[in-house]
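Colleague: Can you walk me through this model? I'll ask as I go.
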Amino acid sequence: EKNMGQAKNRGSLEDRIKQSQEKQDNFYGSKATIEEIIKGLDLPADSKAIGYVIHLPEKDEFVANIKDTADIFSVAYTGRPELAERYETPEQAIFDAKKITKHKLLVGVLLESSTQYFINDLWANH
């Protein structure tokens with residue numbers, strides 16, 4: 001099983017997605033549960049949320065890595081969702097997304113099924 005090293009005491013990723021959606025701070029994510037999103041998007045039943053990602057819809061690319069230090073700011077991109085930088089909370093992803101000003105960005109939940117990846121958008125910078 002793929003594990004993003006999430007702390008058990010904070011609940012499952014689904015629980016945290018639900019909590020952050022209920023807070024509605026600075027994003028338009030629906031209050032739907034992951035199960036409802038999967039059903040609503042007609043995704044395969046084995047789909048599961050594997051983290052939040054930053055997506056560039058116009059290029060259909062994802063942020064793969066951000067380096068942000070006193071000396072360097074660089075962003076690496078990938079066309080492959082499985083290589084995208086994964087965040088445990090939408091707030092973390094939005095925080096990094098706000099640093100990138102030259103692209104139209106979406107932050108969303110990355111959902112994975114046995115056959116493909118899907119994104120359910122929660123935030124946009126445009």
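Colleague: In the hairpin of strand 1 and strand 2, which residue takes a positive phi?
Modeller: D60 does, with a phi near 50°. That hairpin has four residues between the strands. This is a predicted model, in which local features need pLDDT of at least 70, side-chain atom pairs count only at pLDDT 80 or more, and totals for chains, interfaces and linings use all residues. Residues are numbered from 1 along each chain as its sequence is written, and side-chain values use heavy atoms, with hydrogens and water left out.

Colleague: How many bridges join strand 1 to strand 2?
Modeller: Two, and the strands run antiparallel. L56 stands opposite E61 in strand 2. Strands here are DSSP runs of E with at least two residues, helices are runs of H or I with at least four, and both are numbered from the N terminus. Two strands pair if DSSP finds at least two bridges between them.

Colleague: And strand 1 with strand 4, over how many bridges?
Modeller: Seven, again in the antiparallel sense. I54 stands opposite V107, and Y52 stands opposite V109.

Colleague: What is the strand order in the sheet?
Modeller: It is 3-2-1-4-5, an open sheet of five strands with antiparallel pairing. Strand 3 (73-78) and strand 5 (117-124) are the edge strands, each pairing on one side only. The twist averages 40° from one strand to the next. Axes for such angles are lines fitted to C-alpha atoms, for helices over the stretch in contact, and the angles run from 0 to 180 degrees between N-to-C directions.

Colleague: Is strand 1 mostly covered or mostly open?
Modeller: Mostly covered, as eight of its nine residues are buried. Buried means under 20% relative accessible area, exposed over 50%, and partly exposed in between, with a 1.4 Å probe and protein chains only.

Colleague: Which strands does helix 3 lie across?
Modeller: Strand 1, strand 2, strand 4 and strand 5, and helix 3 runs at about 15° to strand 1. Contact means heavy atoms within 4.5 Å.

Colleague: Which residues of helix 3 are buried?
Modeller: P90, A93, I94, D96 and A97. Seen down the axis of helix 3, the buried residues fall within an arc of 165°, so they line one face of the helix. The arc is that of the directions from the helix axis to the C-beta atoms.

Colleague: Changing topic, how many salt bridges are there?
Modeller: Five, a salt bridge being a side-chain nitrogen of Lys or Arg within 4 Å of a carboxyl oxygen of Asp or Glu. One of them joins D96 and K99 at 3.0 Å, N to O. D96 is buried, at 13%, while K99 is partly exposed, at 26%. Salt bridges that share partners join D68, D96 and K99 into one network.

Colleague: Which one links distant parts of the chain?
Modeller: E58 with K104, at 3.6 Å, N to O. The two are 46 residues apart, with E58 in the loop between strand 1 (48-56) and strand 2 (61-68) and K104 in the loop between helix 3 (90-97) and strand 4 (106-112).

Colleague: Is E58 buried or exposed?
Modeller: Exposed, because its relative accessibility is 63%. K104 is partly exposed, at 42%.

Colleague: And what does R80 pair with?
Modeller: E82, with the closest N and O atoms 2.8 Å apart. R80 is partly exposed at 46%, and E82 is partly exposed at 28%.
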